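Colleague: I have a model open and would like to learn how to read it. Can you take me through some features?

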Amino acid sequence: RSAALIPLGCANLPLGCYLLGSDDEGRFSADMAVDFLTHMGMIAAVCIQNSVNKERIRQLGMLDNLTQVKNRRCFDGDIRKEVARAQRAGQPLSCLFLDADLFKHINDNFGHQAGDAVLFALASWIKLQLREGDHLARYGGEEFAILLPQCDADLAMQVAERIRCFVERQTVQASDNPVHLTVSIGVATFCGA
């Protein structure tokens, strides 16, 4: 029968609204002072914005800046969780380690910006070959690690070969030069039985 609607915003950005309703017609009215409710709304907005910022920082701490895939620290946490899950479920877990072949040659001949473009493209190409639940991380330099939950050794070898062939067919334009890349991939499988 009556309601108070308090907009929630922080730094001139709308975040939502705080809505109070009552069965009592006179509980909320236009002539009623809303200082306390407005103050509560400001506090709620700051709390929401702090939570959003904290999550953004957490997410940024898990990503490699260049490739926008997970970083090694995040991968280390993922592997612990996935090994424990594989043990509980008695399912296989495979891990691929991928290294860009002769990557130093790309940096030396085309420059580090070209090398960065190649690494970004490589991460994108790998992602295209993975399932949604797989984990891809830049492990260091030109090395990537991939966790494949519920994936036995035979299937992991097929995934590795699919990635290798796909990358081999791609080209990156770097410093006005086409750069071709090949990768080497190692496969290991943990049987969670």
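Predicted model: local features only at pLDDT ≥ 70, side-chain atom pairs only at ≥ 80, totals over all residues.

Colleague: Start with Glu-82. Is Glu-82 buried or exposed?

Modeller: Buried means under 20% relative accessible area. Glu-82 has 5% relative accessibility, so Glu-82 counts as buried. Glu-82 sits in helix α2, which covers residues 72-89.

Colleague: Which side chain makes a polar contact with the side chain of Glu-82?

Modeller: That of His-135, at 2.9 Å. Setting aside residues up to four places away in sequence, Glu-82 touches His-135, Leu-93, Leu-147 and Pro-149.

Colleague: Now Gly-115. Where is Gly-115 found?

Modeller: In helix α4, residues 112-128. Its relative accessible area is 0%, so Gly-115 is buried. Beyond its neighbours within four places in sequence, Gly-115 contacts Phe-103, Ile-106 and Asn-107. For Leu-8, the separation along the chain is 107 residues, and the C-alpha atoms of Leu-8 and Gly-115 lie 45 Å apart.

Colleague: How do I read a helix pair?

Modeller: Two packed helices are described by the angle between their axes and the distance between those axes. Here α4 packs with helix α5 (residues 153-168) at about 135°, and the axes are 10 Å apart. The two are therefore oblique to each other. The crossing of α4 past α5 is right-handed.

Colleague: Which residues of α4 and α5 meet?

Modeller: From α4, Leu-122, Trp-125, Ile-126 and Leu-128; from α5, Ile-163, Phe-166 and Val-167. By class, this contact has seven nonpolar residues, no polar ones and no charged ones.

Methods:
Residues numbered from 1 in each chain as written. Heavy atoms only, no water. Helix = DSSP H or I, 4+ residues; strand = E, 2+ residues; numbered from the N terminus. Buried < 20%, exposed > 50% of the residue type's maximum accessible area, 1.4 Å probe, protein only. Polar contact = N/O pair within 3.5 Å; in protein donor to acceptor, adjacent residues only side chain to side chain. Contact = heavy atoms within 4.5 Å. Axes fitted to C-alpha atoms, helices over the stretch in contact; angles between N-to-C directions. Parallel < 35°, antiparallel > 145°, perpendicular 65-115°, else oblique. Left-handed = near helix turned anticlockwise from the far one by under 90°. Nonpolar A, V, L, I, M, F, W, Y, C, P; charged D, E, K, R; others polar.
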